[in-house]
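Let's take a friendly walk through a protein model together. Have a look at the picture below, then read on.

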Amino acid sequence: MSAGDKILETVVRETTVQIKNGDGLHMRPAMQFVDLASQFDCEITVSSGRTEADGKSIMHMSMLAATYGTQLKIRAAGPQAQEALDALRELVEVRMFDEPPPKPNENQPQ
Amino acid sequence: MKFDEFVCFEATVPELQSRDRDGAIAELVSALVQAGRLPAHAGAEITKAVIKRENEASTGMGKGVAIPHVKHAAAKDVLAVVGQSTAGIDFAALDERPVYAVILLISPLKNPDRHLQAMENVFKHLQNERFRKFLRQCRTPEMLEDLLKEADEHPSW
C-alpha cells in the first residue's frame, strides 16, 4: 500500500467508558461532552446499549440518560479519532465532568 | 419514565402571559403551587433557583423547546409542568430561536437517576418532528394531556 492510499482510509477507534459522577450524564455534563467532542475532526457515536446518540448533538446526548455506573461505548471515525477518544475518556472518567462521586445511599435501586 | 408519571397535567399553562424567560418560569412554578404540587412557601425560592441555573447555561436546546430544571427538597419525586407561548419566548436558546414550549422540571435532591429517566423521555420525544409539531399545536390542557399520553403509549411513533 502506498502512502497515498493510507490517507484515504477512515480511522475508526472504539472504547468503553464508565460514568463515575453521582448525578450521571445530565444536561450540563452532556454539554461538556458535546463541546469537547465538537473540537475534533471525526464523527462520534455514543451508545448506551439501548440508545445510540450523535456525540456532537446535545439533544441526542441528553437522551442517553446515562446514570452512575453506566457503560458507554464511544466510537470515533475520522482523522482525529484517537485524540477524541483520549480526551473524552479523560472528561468522563478522570475529570468526572468536574462533579463528585455519588453520596452514600443516594442511588437507590429502582 | 412515562410523561404520565411526572407531568402535572392540572398545572398546564396553555398560553403563558409572560413574554420573557424569567416571567415564564415564575408562572410555571406558580401553576405547580396552585395545583398543590409544591408548597407555597417554596415557590419564590424555586423560581430563583431555576433562573440561576438558566443563567449558567441555557436549557433552550433548540427546536423551539426549553427544559429549565432544578433540584429542590420540596420535590418528593420528579415533577414537571408544561407551558406554551404562541408568541415565543427568548430563552437564549442554542439555535437562537424563540421557544414555544417550556417544560419545567423539578427534581428531588436524592435519587438523580429519576431525573435522568425523565430527561431521557423528554428528549426522545423531542427528536420526533411530528411530536414537536403536535406539541406546538396544543391549545388547551386537555390537548396536551392527550398528546403526552398518546406518546406514552407509542414510545416510537
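Which side chain meets that of A:Asp23 in a salt bridge? The partner is B:Lys71, at 2.8 Å from N to O. A salt bridge here is a side-chain nitrogen of Lys or Arg within 4 Å of a carboxyl oxygen of Asp or Glu, and the rule finds two of them across the interface of chain B and chain A.

This is a predicted model, in which local features need pLDDT of at least 70, side-chain atom pairs count only at pLDDT 80 or more, and totals for chains, interfaces and linings use all residues. Residues are numbered from 1 along each chain as its sequence is written, chains are lettered from A and ligands numbered from 1 in the order written, and side-chain values use heavy atoms, without hydrogens and water.

The contact between the chains (heavy atoms within 4.5 Å) takes these residues:

| Chain | Residues in the contact |
|---|---|
| B | 26 residues |
| A | 23 residues |

About 2000 Å² is buried between chain B and chain A, and carbon and sulfur atoms give 62% of this area. Buried area is the accessible area (1.4 Å probe) that two parts lose on being put together, summed over both.

Now turn to chain B. B:Gly36 lies in the loop between α2 (21-34) and α3 (43-56); helices are DSSP runs (H or I) of at least four residues, numbered from the N terminus. B:Gly36 and B:Glu10 are 26 residues apart in sequence and 9.7 Å apart in space, C-alpha to C-alpha.

Conventions:
Helix = DSSP H or I, 4+ residues; strand = E, 2+ residues; numbered from the N terminus.
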